[in-house]
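Subject: Structure handover

Hi,

Here is the structure for you to open. My notes follow below it.

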Amino acid sequence: VYGTTKYFNPGLPEVREHTVRIVKDLVARYDIDAIHMDDYFYPYRISGKEFPDQKTFEQFGNGLTKDNWRRSNCDSIIVQLQRAIRA
């Protein structure tokens with residue numbers, strides 16, 4: 001929970017894999033022309049509150065700054081989705 005909204009933590013590999021599984025299922029079961037991703041970024045910062053992903057960052061940060069790691073998570077999900085859709 002961040003603010004009044006619940007989010008999946010995009011830093012967790014299982015969250016990205018879950019998202020890819022959903023899109024693969026959509027592509028397999030329906031004759032669709034596209035997948036439109038809206039707001040596939042971290043939420044805007046709330047003054048005085050930090051998005052609750054510190055433990056995940058410590059586990060998977062791989063030496064990146066937190067902002068770069070978060071951008072990398074967003075990039076990674078798009079790459080994974082692109083590969084799954086093309087497959």
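α1 gives the most to the lining of the largest pocket, with five residues. Helices (H or I, at least four residues) and strands (E, at least two) are DSSP runs, numbered from the N terminus. Both α1 and α3 supply at least two residues of that lining.

Before the rest, the ground rules. This is a predicted model, where local features need pLDDT of at least 70, side-chain atom pairs count only at pLDDT 80 or more, and totals for chains, interfaces and linings use all residues. Residues are numbered from 1 along each chain as its sequence is written, and side-chain values use heavy atoms, with hydrogens and water left out.

Pockets

The largest pocket holds about 490 Å³ of space. It is lined by 20 residues, and Phe8, Pro10, Asp39, Tyr40 and Phe41 lie nearest its centre. A pocket here is an open set of points on a 1 Å grid over the protein atoms alone, where a 1.4 Å probe fits, with protein on both sides within 12 Å along at least five of seven lines; lining residues have an atom within 4 Å of a point. Grid points are joined across faces, edges and corners, and a volume is the space filled by probe spheres set on the points.

The lining of the largest pocket splits into 14 nonpolar, three polar and three charged residues. Ala, Val, Leu, Ile, Met, Phe, Trp, Tyr, Cys and Pro count as nonpolar; Asp, Glu, Lys and Arg as charged; the others, Gly among them, as polar.

The second largest pocket holds about 200 Å³. Its lining has 13 residues, with Tyr42, Pro43, Arg45, Asp67 and Arg70 closest to the centre. That lining has seven nonpolar, no polar and six charged residues.

Aromatic pairs

There are five aromatic pairs. Rings of Phe, Tyr and Trp (its six-membered ring) pair if their centres lie within 6.5 Å; planes under 30 degrees apart are stacked, over 60 edge-to-face, the rest tilted. Tyr2, Tyr7, Tyr42 and Phe51 are linked into a cluster by ring pairs.

Why is the pair of Tyr7 and Phe51 edge-to-face? The ring centres are 5.8 Å apart and the planes are at 70°, so the pair counts as edge-to-face. Tyr7 sits in the segment before α1 (13-29) and Phe51 in the loop between α1 and α2 (54-60), 44 residues apart. Tyr7 is partly exposed, at 40% relative accessible area. Phe51 is buried, at 8%. (Buried is under 20%, exposed over 50%, partly exposed in between, with a 1.4 Å probe and protein chains only.)

Best wishes
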